Amino acid sequence: MGNTARLGLVAAAVAAAGIAGMSPASAAAPPLVSPKWVAQHSCDPNVVVLDVRSPVGGGGNHFTYLRGHVKCAVYSNYKKAGWRVKRDGVVGMLPPVAKLQKLVRSLGIDNNDHVVIYSAGTNALDMGSATRVFWTFKVLGEDNVSIMNGGYGAYVKAKLPTARGKHQPAAGHFTARLDKRYLATEQDVDRIVRHGGAVLVDNRPHAQYVGAVRSGKDKRAGTLPGAKNIPQSWLTVNGGGTFRTAADLRKLYRYAGVPTSGKQVNFCNTGHWASLGWFVNAEILGNKDAKVYDGSMTQWTANSKLPVTQQVKLAGK
């Protein structure tokens with residue numbers, strides 16, 4: 001695709017998504033595109049729509065990929081395809097770059113493609129599947145990536161055209177280029193806890209933040225010393241699949257005492273909810289100094305030498 005055609009696609013996405021401040025000449029695609037835009041462009045050359053829903057039983061709007069999906073969308077099961085792995089006893093970690101490159105190629109993706117990701121859109125937790133894959137593409141050096149706002153639920157609600165069966169493109173030629181600007185390690189976070197230099201943002205529910213509730217994946221209750229809390233459910237409208245506006249998000253960040261600029265590390269239990277917080281801060285609010293602590297509290301609490309702050313200590317485990 002030539003530069004003129006690419007800019008036309010980006011300009012259309014910006015207009016459809018209604019994202020203020022995005023320039024059509026930007027090298028990167030807009031972070032959010034609307035279901036209507038996806039319906040209009042899902043089968044375009046050099047556009048790859050990626051369905052990352054995990055199969056869900058039952059009826060209603062919980063369709064699996066084979067029963068209904070965006071036209072020309074390629075399927076990749078978020079939980080099982082290999083987007084996250086267990087490493088050194090820690091679940092949900094970023095796989096080796098070579099394995100991710102192989103996965104992306106299997107989906108028919110090239111470096112010059114505009115990748116549009118969608119999950120089911122049932123709630124904020126589910127939208128974390130889309131943001132985690134989005135963040136992974138960024139770590140792999142791919143900027144031309146977007147998320148369909150509202151997920152598949154919003155697409156179906158708008159009565160946009162769907163397809164059944166399986167769409168399997170030929171293998172792509174994607175080449176990964178690891179970009180560590182988006183990734184924080186345990187060592188990075190340890191330095192921040194000891195010496196400062198960045199804001200630590202806990203994107204878990206408030207009960208986990210204060211230590212009243214402990215995730216089964218964590219060894220200890222509580223949060224990173226000095227961390228602020230922006231629960232993942234705050235970031236979408238009523239905890240659903242549609243992201244809040246930038247104006248509303250800034251109000252929530254201001255209330256929580258979390259800056260929307262400067263060095264920031266988002267974390268949760270396994271880096272899933274953290275990707276949602278990172279996406280909002282880095283992509284919607286424009287803070288390019290934000291990172292995700294991939295191992296998050298599951299990795300941190302496994303090391304008994306690392307400190308944890310527990311504001312509420314209860315007798316029950």
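Contact denotes heavy atoms within 4.5 Å of each other. The legends below describe a predicted model, in which local features need pLDDT of at least 70 and side-chain atom pairs count only at pLDDT 80 or more, while totals for chains, interfaces and linings use all residues. Residues are numbered from 1 along each chain as its sequence is written, and side-chain values use heavy atoms, with hydrogens and water left out.

Figure 1. Thr 136 touches Trp 83, Leu 94 and Leu 100, residues up to four places away in sequence being left out of the count. With a relative accessibility of 0%, Thr 136 is classed as buried (buried means under 20% relative accessible area, exposed over 50%, partly exposed in between; 1.4 Å probe, protein chains only). Helices (H or I, at least four residues) and strands (E, at least two) are DSSP runs numbered from the N terminus.

**Figure 2. Packing of helix H4 (residues 124–139) on H9.** The two axes come within 7 Å and cross at roughly 65°; axes are lines fitted to C-alpha atoms, for helices over the stretch in contact, and angles run from 0 to 180 degrees between N-to-C directions. H4 is therefore roughly perpendicular to H9 (under 35 degrees counts as roughly parallel, over 145 as roughly antiparallel, 65 to 115 as roughly perpendicular and the rest as oblique). The crossing of H4 and H9 is left-handed, a term for a near helix turned anticlockwise from the far one by less than a right angle, clockwise being right-handed. Residues in this contact include Phe 134, Trp 135 and Lys 138 of H4 and Trp 273, Trp 278, Phe 279 and Glu 283 of H9. By class, nine residues of the contact of H4 with H9 are nonpolar, three polar and three charged (Ala, Val, Leu, Ile, Met, Phe, Trp, Tyr, Cys and Pro count as nonpolar, Asp, Glu, Lys and Arg as charged, and the others, Gly among them, as polar).

**Figure 3. Packing of helix H8 (residues 246–256) on helix H9 (residues 273–284).** The axes of H8 and H9 come within 11 Å, with a crossing angle of roughly 120°, so the pair is oblique. The crossing of H8 and H9 is left-handed. Ala 246, Leu 249 and Tyr 253 of H8 meet Gly 277, Val 280, Asn 281 and Ile 284 of H9. Five nonpolar and two polar residues form the contact of H8 with H9, and no charged ones.

**Figure 4. The buried residues of helix H6 (residues 186–195).** Glu 186, Asp 188, Val 189, Asp 190 and Ile 192 are buried in H6. These buried residues pack against strands E10 (183–184), E11 (199–202), E13 (264–267) and E14 (290–293), and against helix H10 (296–302). After H6 comes Gly 196, with a positive phi near 80°.

**Figure 5. Cys 72 in the loop between E3 and strand E4 (74–75).** Although Cys 72 is not a glycine, its phi is positive, about 70°. Cys 72 has a relative accessible area of 27% and is partly exposed.

**Figure 6. Asn 238 in the loop between strand E12 (228–229) and H8.** Asn 238, also not a glycine, has a positive phi of about 55°. Its relative accessibility of 75% places Asn 238 among exposed residues.

**Figure 7. Arg 67 in the loop between strand E2 (47–51) and strand E3 (69–70).** Arg 67 is partly exposed at 38% relative accessibility. Arg 67 and Thr 162 lie 95 residues apart in sequence, with 9.5 Å from C-alpha to C-alpha.
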